[in-house]
Amino acid sequence: MSTLRGRGTVQGLPEWGRCAVMGVVNVTPDSFSDGGRWFDTGAAVKRGLDIVAEGADLVDVGGESTRPGASRVDESEELRRVIPVVRGLASEGVTVSVDTMRARVAEQAVAAGAVLVNDVSGGLADPGMVPAVAAAGVPFVVMHWRGFSESMNSLAVYEDVVAEVLAELRQRVDAVIEGGIAPERLVIDPGLGFAKSAPHDLALVAHLADLHALGRPLLVAASRKRFLGHVLAGPGSTPPPARERDAATAAVSALAARAGAWAVRVHEVRATADAVRVARAVEGAA
């Protein structure tokens with residue numbers, strides 16, 4: 001399978017002709033990476049426009065931290081954080097995704113202009129999510145997920161992480177399709193860092209092409225995550241802070257693009273935008 005054929009398209013979204021770059025705007029005070037920097041609506045909208053100028057193809061807006069150990073924010077606060085930012089970016093012509101585990105937030109975000117729902121629980125956290133997305137007729141990201149942030153580290157137990165993630169994703173994709181979301185609108189995500197240790201994440205990155213067996217476009221979200229910190233630090237050393245992992249993130253973006261990923265989700269866009277374009281040029285020359 002060529003990487004281009006593996007990439008696939010998502011009904012309802014543009015076709016970029018290469019691995020797309022999904023830029024992140026966290027409207028939270030406690031994100032592991034950039035919590036608090038874009039907490040104000042105006043600052044968050046400006047950040048979204050800035051990263052589009054730097055090369056983001058779409059912008060993922062989230063109002064609830066999913067870092068390991070994070071407690072959940074209540075629904076009304078998530079709505080207060082997210083909806084004005086989605087509306088502001090969509091009104092500027094930005095292709096907006098909403099990062100939420102709640103059906104009501106997804107519904108209101110779509111009404112405000114979001115065109116993709118990125119649910120890290122794959123619809124498991126809120127039983128209303130799949131029906132809501134099916135009714136809205138927008139694309140949906142199904143991520144591999146085993147539990148909420150407060151407990152997910154204890155769930156990182158695998159005998160064969162690649163085979164198990166593939167099997168669990170297949171089961172979830174089947175359930176989501178049965179729930180009414182069209183297969184052509186589904187994207188899968190292996191859930192790097194979610195109920196996974198650094199060796200698990202590295203194994204999944206090494207075997208991204210195996211996930212094409214599910215027949216759906218692949219989103220890879222490695223940006224600034226713990227496993228990159230462990231790689232950069234080496235054995236027995238302290239990992240660098242999240243914001244010092246952008247070069248490592250761009251390296252994974254290039255690897256993901258070469259493995260046929262549909263998109264990569266990143267905090268710092270410019271280096272990854274360059275990386276996916278180089279990967280596409282190499283792909284075209286092969």
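## Helices α3 and α4

The axes of helix α3 (residues 75–90) and helix α4 (residues 103–112) come within 9 Å and cross at roughly 20°. That makes α3 roughly parallel to α4. Angles under 35 degrees count as roughly parallel, over 145 as roughly antiparallel, 65 to 115 as roughly perpendicular and the rest as oblique. The crossing of α3 and α4 is right-handed. A crossing is right-handed if the near helix is turned clockwise from the far one by less than a right angle, and left-handed if anticlockwise.

This is a predicted model: local features need pLDDT of at least 70, side-chain atom pairs count only at pLDDT 80 or more, and totals for chains, interfaces and linings use all residues. Residues are numbered from 1 along each chain as its sequence is written, and side-chain values use heavy atoms, with hydrogens and water left out. Helices (H or I, at least four residues) and strands (E, at least two) are DSSP runs, numbered from the N terminus. Axes are lines fitted to C-alpha atoms, for helices over the stretch in contact, and angles run from 0 to 180 degrees between N-to-C directions.

## Helix α2

Helix α3 also packs with α2, at an angle of about 40° and with the axes 9 Å apart. That makes α2 oblique to α3. The crossing of α2 and α3 is right-handed.

Helix α2 covers residues 41–53, which is 13 residues. From first C-alpha to last it reaches 19 Å, close to the 18 Å expected at 1.5 Å a residue. The expected span is 1.5 Å times one less than the number of residues. Which residues of α2 are buried? They are A44, V45, R47, G48 and I51. Buried means under 20% relative accessible area, exposed over 50%, and partly exposed in between (1.4 Å probe, protein chains only). Seen down the axis of α2, the buried residues fall within an arc of 155°, so they line one face of the helix. The arc is that of the directions from the helix axis to the C-beta atoms. The face turned away from the buried side of α2 carries the exposed residues K46 and A53.

## Helix α10

Helix α10 (residues 269–285) has 17 residues. It reaches 25 Å between its first and last C-alpha, close to the expected 24 Å. Its buried residues are V269, T272, A273, A275, V276, A279 and E283. They fall within an arc of 160° seen down the axis, so they line one face of α10. On the other side, V278, A281, G284 and A285 are exposed.

E268 caps the N-terminal end of α10. A side-chain oxygen of E268 lies 3.3 Å from the backbone nitrogen of R270.

In helix α7 (residues 198–206), A198, H200, D201, L204 and V205 are buried. They cover an arc of only 160° around the axis, which puts them on the same side of α7. P199 and A206 are exposed on the other side.

Most residues other than glycine have a negative phi. A195 has a positive phi, near 55°. A195 lies in the loop between β6 (186–189) and α7. A195 is buried, with a relative accessible area of 1%. R224 also has a positive phi, near 60°. R224 sits in the loop between β7 (219–220) and α8 (226–233). At 6% relative accessibility, R224 counts as buried.

Notes: Polar contact = N/O pair within 3.5 Å; in protein donor to acceptor, adjacent residues only side chain to side chain.
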